[in-house]
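Reader: Could you take a close look at one part of this model for me, then work outwards from there? Which residues form a nonpolar patch on the surface?

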Amino acid sequence: MNAGDRVRVDRADQTYEGVLLPSSTPDHLVVKLDGGYNVGIDRDESSVEVLESDVYDVESAQDEDDGSAVEFDDDLPTVSLISTGGTIASTVDYRTGAVTAQFDAEDVLRAVPDLAGMANYRGRVVANILSENMTPAVWQDLADAVREEIEAGADGVVVMHGTDTMQFTASALAFMLDTPVPIVFTGSQRSADRPSSDNVMNAVCAVEAAKSDCAEVLVCMHADESDDRCALHRGTRVRKNHTSRRDAFRTVGAKPLGEVDYSTDGDNAVTFRREYAKRDETELALHEDLATDVELVKFTPGMSTELLEVAADGADGIVLEGTGLGHVNTEWISVIEDLDIPVVMTSQCIEGRVCDRVYDTGRDLLDAGVIEGEDMLPGTAKVKLMWALANADDVADAMAEPLAGEIQRRSTPWL
């Protein structure tokens with residue numbers, strides 16, 4: 001029995017049939033099923049029958065992968081690939097069946113040979129974590145790494161990141177970096193061993209965006225369920241709207257800033273529908289200081305003021321997700337007034353902006369010192385408040401001023 005043989009594996013009351021693949025552990029068999037998925041099976045508890053030998057030349061296939069290394073070309077731009085972990089840079093742990101972040105940036109190049117010929121690449125790893133473990137300290141390390149890559153001559157940067165918290169990290173870099181080149185975040189909703197994986201298309205489109213003229217922080221992910229377009233979302237206006245769909249990301253309050261038409265023959269067109277910061281118009285600068293003790297509190301009916309007091313204890317600032325135009329229970333107002341920290345009001349509604357001048361509760365909140373968050377996404381407002389507390393002379397003025405496209409002048413959707 002060798003890798004490349006077609007086998008039937010019986011374990012307990014289940015039967016698996018497919019091509020035997022190399023395994024990272026001697027205790028497990030790895031079988032690629034006919035549907036395209038891989039499965040790991042405990043070797044000691046299984047019986048194996050070889051149905052056909054050498055139906056797939058695993059050794060030659062591995063040699064082909066090694067031969068897809070990207071060579072330097074003086075005529076191509078240089079794109080830095082920075083890995084922080086996540087599904088796009090992950091593999092399957094066949095001991096548990098779980099997806100784990102294991103690949104570094106060089107592994108991604110080998111796994112996505114479609115990237116060859118698009119650019120010259122530099123790869124580095126800032127972190128190797130699942131995105132739920134992301135922290136402001138890693139944001140700072142990442143921002144510093146991006147700065148170093150741009151200073152070293154990168155014409156664009158692609159950050160590979162887990163999708164669950166990508167919107168927070170993209171917002172953080174949008175505030176922390178003045179960039180003369182595109183910084184493009186991308187990830188994958190489905191790992192590379194799945195036939196419906198979105199890793200190749202997202203990676204290819206992200207590199208195309210990194211070569212474009214848009215010197216902003218962008219998020220590049222599937223535009224819809226088809227494999228023909230990726231949307232380019234401004235990093236401060238995007239949120240993950242679905243747990244598992246490949247087109248989970250949406251720009252809030254407008255259509256995406258741009259898109260990349262994907263083609264398997266390499267003819268990938270990048271277009272934009274609104275104004276954006278142009279390449280080389282901004283001088284590179286890093287503003288990495290953050291006040292990390294900022295809490296995001298979502299108000300719900302019947303919520304005790306004690307929860308607000310606990311959240312505010314020792315915090316540098318608070319962002320509230322209020323109802324509608326930006327409201328909380330009137331009993332909260334006196335508590336907010338007594339807090340000696342900035343309190344920013346956002347709305348838990350998906351669309352629209354905060355306006356605390358319409359109803360009495362809103363006017364009372366303004367009198368209590370609440371800062372209106374305009375139409376900022378609550379997560380973006382939290383990140384911006386962390387940045388403003390450490391960098392702005394007047395926090396209230398900074399929160400009201402659009403610094404990285406996080407505030408739209410008018411809440412007119414679908415422009």
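**The patch, and outwards from it**

Author: Your nonpolar surface patch is made up of M1, V48 and V50, which together have about 220 Å² of accessible area. To get into a patch, a residue needs over 30% relative accessible area and no salt bridge; nonpolar side chains (Val, Leu, Ile, Met, Phe, Trp, Tyr) are joined within 5 Å, and like charges within 9 Å. Areas here come from the Shrake-Rupley method with a 1.4 Å probe, and for residues only the protein chains shown count as cover.

A word on the ground rules. This is a predicted model, so local features need pLDDT of at least 70 and side-chain atom pairs count only at pLDDT 80 or more, while totals for chains, interfaces and linings use all residues. Residues are numbered from 1 along each chain as its sequence is written, and side-chain values use heavy atoms, with hydrogens and water left out.

V48 sits in strand β5, residues 46-52. Its relative accessibility is 34%, so V48 counts as partly exposed. That label covers the range between buried (under 20% relative accessible area) and exposed (over 50%), using a 1.4 Å probe and protein chains only.

Now zoom out. The chain has 10 helices and 23 strands, all taken from DSSP runs numbered from the N terminus: H or I of at least four residues for helices, E of at least two for strands. Of its 415 residues, 50% count as buried. The chain exposes about 18700 Å², with carbon and sulfur atoms supplying 43% of that. Among contacts (heavy atoms within 4.5 Å) with a separation of 6 or more, 67% are between residues 24 or more positions apart.

Next, a sheet. Strands of a sheet pair through backbone hydrogen bonds, either parallel or antiparallel. Here four strands make an open sheet with parallel pairing, in the order β20-β21-β22-β23. Its edges are β20 (294-298) and β23 (371-372), each pairing on one side only. Two strands pair if DSSP finds at least two bridges between them; β21 (residues 317-322) and β22 (residues 343-347), running parallel, have five. Across that pairing, G322 stands opposite S347 in β22.

Even so, I371 counts as buried, at 12% relative accessibility. Setting aside residues up to four places away in sequence, I371 touches P342, V343, V344, M345, A396 and M399. Take P342 from that list: P342 and I371 are 29 residues apart in sequence, yet their C-alpha atoms are 7.4 Å apart in space.

You'll find Q408 in the segment after α10 (395-400), where Q408 is buried with a relative accessible area of 18%. Beyond neighbours within four places in sequence, Q408 is in contact with R237, V252, G253, A254, R353 and D375.

On to charges. Side chains of opposite charge can pair when their charged atoms come close. With a salt bridge taken as a side-chain nitrogen of Lys or Arg within 4 Å of a carboxyl oxygen of Asp or Glu, the count comes to 22. R147 has a salt bridge to D144, the closest N and O atoms being 2.5 Å apart. Both residues lie in helix α3 (residues 136-151), three residues apart, or about one turn of the helix. D144 is partly exposed at 23% relative accessible area. R147 also forms a salt bridge with E151, with closest N and O atoms 2.9 Å apart. R147 and E151 are four residues apart in helix α3, so about one helical turn separates them. E151 counts as exposed, at 54% relative accessibility.

Elsewhere, D224 and R229 form a salt bridge, their closest N and O atoms being 2.9 Å apart. R229 counts as partly exposed at 26% relative accessibility. There's a network as well: R6, R8, E17 and E49 are joined by salt bridges that share partners.

Last, the cysteines. The structure holds zero disulfides, a disulfide being a pair of cysteine sulfur atoms within 2.5 Å. C205 is buried, with a relative accessible area of 0%, and C214 counts as buried at 0% relative accessibility.
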